[in-house]
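Trainee: I would like to go through this two-chain model piece by piece. Please end each reply on the value or name I ask for.

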Amino acid sequence: MTRLAADGVTVRLGARVALDRVSLAVEAGEFVGLIGPNGAGKTTLLRALAGLVEPAAGRVVLDARPLAAIGRRDRARRLGYLPQDGTIHWALPVADVVLMGRLPHLGAWDRPGEGDRAIADDAMAALDIADLAARAATRLSGGEKARVLLARALAGAPEILLADEPVSGLDPYHRLEVMEHLAGLAATGTGVVVVLHDLALAARFCRRLVLLDRGRRAAEGAPADVLTSELLASVYRIEAVRGRHEGAEYVLPWRRVPSSSS
Amino acid sequence: MRRGALLAILTLFALAAFAASLGFGPVAIDLGAALGAVFGDGPEALRLIVLEIRLPRTILALAIGAALGISGAALQGYLRNPLAEAGVVGVSAAGALGAVVVFYFGLARIFPLALPLGGLAGAAVGVWLVYALAGRGGSTATLILAGVAVNALAGALTALALSLAPSPYATLEIIHWMLGGLTDRSMTHVWLALPFILAGTFVLATLARGLDALTLGEDAAASLGVNLAGLRLRLVLGTALAVGASTAVAGVIGFVGLVVPHLLRGRVGYRPGALLLASALGGATLTLLGDLAARLILTDREINLGVLTALIGAPFFLALVLQARRAEP
């Protein structure tokens, strides 16, 4: 079974220590939420897991092999990464953007074949964007673009998907839609790590949460164990309304906690 | 339109422009006679005109146009900005400076290859500078400012070389060459520049997949298996080879790399990788036609090709800047 793990990873960005000895593991079929305030190191941890940033200490392993020892193409085939900055720079048709997910599966001079197109079409159908195939990717609404980029990641059929803020800027309907897709992906065997700012979504969908605070892991566990009043106050500096609905935890940020130092 | 059909049509255009460039000039030669002369048929005078005068500049126009077209498409794809071009961002000016240094010290007389190598070194420094100043995916304003800075620096150093030139004649020679043109180029120039241009064009053509992936940003491209450091190295090397060698033998011919990718981008479905070869063919056609126009517009003398492309390209550039300004609030 596929297992991606960061093991005591420290990352320095310039002089700043962005991550300080953080560990996180995700296995096939798991749905892990990575949460924390702005600047806590969520994106850096996700980039380290994707092999996009070299740890100064510690290591990232994929099935017990150091990520750095796995070839670029092989790694790209197994790990999907959805960056936070969802800019699409040229007005490519949506179908071509989704097809880019197949790049790691092509030989150096191959062009995408019928099989690749079929997989890309399936990904578009799964996210209900088949009718956008010919649309210029620069002319999409926020919700459409989020789904197009997710379809791009799905087209690569990764074993582990790392998604950075895939719901930022989306309305509630599309937030739920994207989260449902990610949960469905995990249910069918893909390991998913998703960075979230929306604590309600994190509590509702993720089985396990990892809370980062100033580059360190502050807590890890089931939503009910991580989104406690104490941790929300000390890490997020907020007070929240908490409760249960349909058997799941929910959290609603209510007011800021007056800062003790000021 | 399918990509194969587009490339076939562009190839036909380039071949037609190539034939026209051999046939037209102060002395009109019909196509059959011109092609015959290339293969050694026909009267002595005709063969002389075609082989000694027109063939070298035609080959150079083809190669340099292809180099400018593909390098423009590659720079735009890499920087993700439709305003990037060797001339605009100062790579051509830096290449010209490299060649001027070679002229200035008379190195070309001692060692002919010094000319393309000087242009190449200058262009390489130029690409690095632009990259260092404007970064990747930077705003249009940053890119243009980087271009202004590199152009100003290269221009200042070139002016210094000119003001210290040993004789007025040398100054004039350098200025005339810098205006950009293919007048009086011989097969020697072809042999000096062609290998470098071919190598550079080939290196740039290998960037297709990486440039496609960069459409989604650097992190997404890297996660798709693209080696970003290798891509950047190949971009700098390819641009330096292609633009540096072109500038060394023909001076600064601006805007071809700006106009051609812009005209063809929609026809290749906006895919930066697919734009590379199409822009090489389109650039070759445009430069061949431009050189032809430079010969024919005035009856008593020639216009410098670089001057002509600037006259057409600068307003075009202006329009693109206005368009970009509207898009960036």
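Trainee: Which strands does helix H1 of chain A lie across, and at what angle does H1(A) run to S1(A)?
Mentor: This is a predicted model, so the geometry is that of a prediction. Helix H1 covers residues 42-49 of chain A. H1(A) lies across S1, S2 and strand S4 (57-62) of chain A, and its angle to S1(A) is about 125°.

Trainee: What is the strand order of the open sheet of four strands in chain A?
Mentor: The pairing in this sheet is antiparallel. Strand S2 (16-27) and strand S5 (65-66) of chain A each pair on one side only, which places them at the edges. The order in chain A is S2-S1-S4-S5.

Trainee: Which residue of S7(A) stands opposite A:Leu82?
Mentor: Strand S7 (residues 160-164) of chain A pairs with S6(A) in the parallel sense, over four bridges. In S6(A), A:Leu79 and A:Tyr81 point one way, while A:Gly80 and A:Leu82 point the other way, and all are buried. The residue of S7(A) opposite A:Leu82 is A:Ala163.

Trainee: Why does the radius of gyration of chain A agree with that of a compact globule?
Mentor: Chain A contains nine helices and 12 strands, and its C-alpha trace spans about 60 × 40 × 35 Å along the principal axes. For 262 residues, a compact globule would have a radius of gyration near 18 Å. Chain A agrees with this because its value is 19 Å.

Trainee: Which element supplies the largest share of the side of chain A that touches chain B?
Mentor: In this interface, 21 residues of chain A are in contact with 18 residues of chain B. Helix H2 (72-78) and strand S6 (79-82) of chain A each supply at least two residues of that side of chain A. The residues on this side divide into 14 nonpolar, two polar and five charged. The largest share, three residues, comes from H2(A).

Trainee: How many helices and strands does chain B have, and what is its radius of gyration?
Mentor: Chain B has 15 helices and zero strands. The globule rule gives 20 Å for 329 residues, and the value for chain B is close to that, so chain B is as compact as a globular protein of that length. Its radius of gyration is 19 Å.

Trainee: What percentage of the residues of chain B count as buried?
Mentor: The C-alpha atoms of chain B fill a box of roughly 60 × 50 × 35 Å along the principal axes. Among contacts in chain B with a separation of 6 or more, residues 24 or more positions apart account for 79%. Of the 329 residues, the buried share is 54%.

Trainee: At what angle do helices H3 and H12 of chain B cross, and what is the handedness of the crossing?
Mentor: Helix H3 covers residues 44-79 of chain B and helix H12 covers residues 228-250 of chain B. Their axes come within 9 Å and cross at roughly 145°. The crossing of H3(B) and H12(B) is left-handed.

Trainee: How do the residues of the contact of H3(B) with H12(B) divide into nonpolar, polar and charged?
Mentor: The residues of H3(B) that meet H12(B) include B:Leu60, B:Ile64 and B:Tyr78. Among those of H12(B) are B:Leu235, B:Gly238 and B:Val249. The division is 13 nonpolar, four polar and no charged.

Terms used
Residues numbered from 1 in each chain as written. Chains lettered and ligands numbered in written order. Predicted model: local features only at pLDDT ≥ 70, side-chain atom pairs only at ≥ 80, totals over all residues. Rg over C-alpha atoms; globule rule 2.2 N^0.38 Å. Pairing = 2+ DSSP bridges. Contact = placed C-beta atoms within 7 Å. Axes fitted to C-alpha atoms, helices over the stretch in contact; angles between N-to-C directions. Nonpolar A, V, L, I, M, F, W, Y, C, P; charged D, E, K, R; others polar. Buried ≥ 20, exposed ≤ 12 C-beta atoms within 10 Å, placed from the backbone. Left-handed = near helix turned anticlockwise from the far one by under 90°.
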